[in-house]
Amino acid sequence: MRTEQGNDASTVHVTVLLKEVVQWLRPRPGGRYLDGTLGMGGHSLALLAAADEQPGQGRPPAELLGLDRDDQALELARQRLEKYRDRTHLFHLPFSRFEDALDEQGWDGVDGAVLDLGVSSLQLDRAERGFSFLESGPLDMRMDPSDGRPPARTLVNKGSYSDLKRILHRYGEEPQAGRIVKAILRARDEAPIEDTLRLAHIVEQAYPAKWRAKARTHPATRTFQALRIAVNHELEELEYFLERVAARLNPGARVAVISFHSLEDRAVKLAFRQAAKGCICPPRQPICTCGHEPELKILTKRPLCPEEAEAENNPRSRSAKLRVAERLAPGGES
Ligand SMILES: C[S@@+](CC[C@H](N)C(=O)[O-])C[C@H]1O[C@@H](n2cnc3c(N)ncnc32)[C@H](O)[C@@H]1O
């Protein structure tokens, strides 16, 4: 499958933790699966193929419902999943709206769900999308430019000192947030900051020379990550999904989430923990009155990371962490 640049989609974006996601979700004939971050369709393809390898025992083939908020990604995924077109149902939607897609499809629940967060290499590689600090492009960073939300250049040129500092601090864990934002404010007084390379240069210059010299990554890495997360409301999307997904998993179904930075991983860990809790009465209360039942069983006490070979072959996978939980039957039975 070719991208607009003529590259093979499967080599442009190498799917992370592919084998592990398939092993944990255990796809089977008759199963219904949700992929909330289709991207190039790597996980979806593998789930459908693995289900087809299992004995069918008269059951219909597995089906997949896939979402992506980026219509370019969705189109490429559609082409790559052509072979399975009669049993894939693709929607141009953010995964926070997965329930709308399930309802439209007439599915009450699914037998497995996966999220592979962040951006794809395809998005990063297209300078015109504005995600990369290595090439000149418009400061955009929207995964879905049609959703009516402002691009990164609006934040950068109109945001107040305190708003920008909070974004860099919270979403980028950027230790130099104050210096960087002061430099942005000075630069935008001269001329609006419209270009990715100009912003990257401003950030680089704002870094103390000593830090710049010992930095292992480009000084603009954290700033770009923070802006991308803010522009796309990435943490809100994730938290909203995690609050609701258990209710739409069939008993025994599993949800697998791959995250790429500590804020995402923390959100997944806390949401799984909350859903795995039984009684939520105050600790000093002698008798339970809440009647709360656990919805999920956590299957990965610690997050799983890529094996050495994967980390070596695919540098993007190095920060990946996978957490998996399983839906309990009513009454908390596994
Ligand atoms: C890392 S890629 C997924 C790659 C995919 N698993 C594969 O192997 O080809 C992440 C994809 O999720 C999409 N995405 C990110 N956040 C999203 C959200 N909140 N809702 C829907 N899609 C989202 C991005 O547009 C991108 O295409």
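This is a predicted model: local features need pLDDT of at least 70, side-chain atom pairs count only at pLDDT 80 or more; totals for chains, interfaces and linings use all residues.
Residues are numbered from 1 along each chain as its sequence is written. Local features need pLDDT of at least 70 and side-chain atom pairs count only at pLDDT 80 or more, while totals for chains, interfaces and linings use all residues.

Next, select A77, which, leaving aside its neighbours within four places in sequence, is in contact with residues including L38, G39, M40 and D68; contact here puts the two C-beta atoms, placed from the backbone, within 7 Å. A77 is also, with A256 and I258, one of the residues with the most contacts inside the largest nonpolar core, which has 55 residues. Such a core is a set of buried Ala, Val, Leu, Ile, Met, Phe, Trp, Tyr and Cys residues joined through C-beta atoms within 7 Å, buried requiring 20 or more other C-beta atoms within 10 Å of a residue's own. Strand β5 (residues 249–259) gives this core its largest share, six residues, and a second, separate core of 27 residues includes I167, V203, A206 and V231.

Finally, colour domain 1 (9–122 + 234–327) and domain 2 (150–231), bounds that come from an automatic or database domain assignment, and find their centres, taken over C-alpha atoms, separated by 32 Å.

Note on methods
A residue is buried if 20 or more other C-beta atoms lie within 10 Å of its own, exposed if 12 or fewer, and partly exposed in between; C-beta atoms are placed from the backbone. Helices (H or I, at least four residues) and strands (E, at least two) are DSSP runs, numbered from the N terminus.
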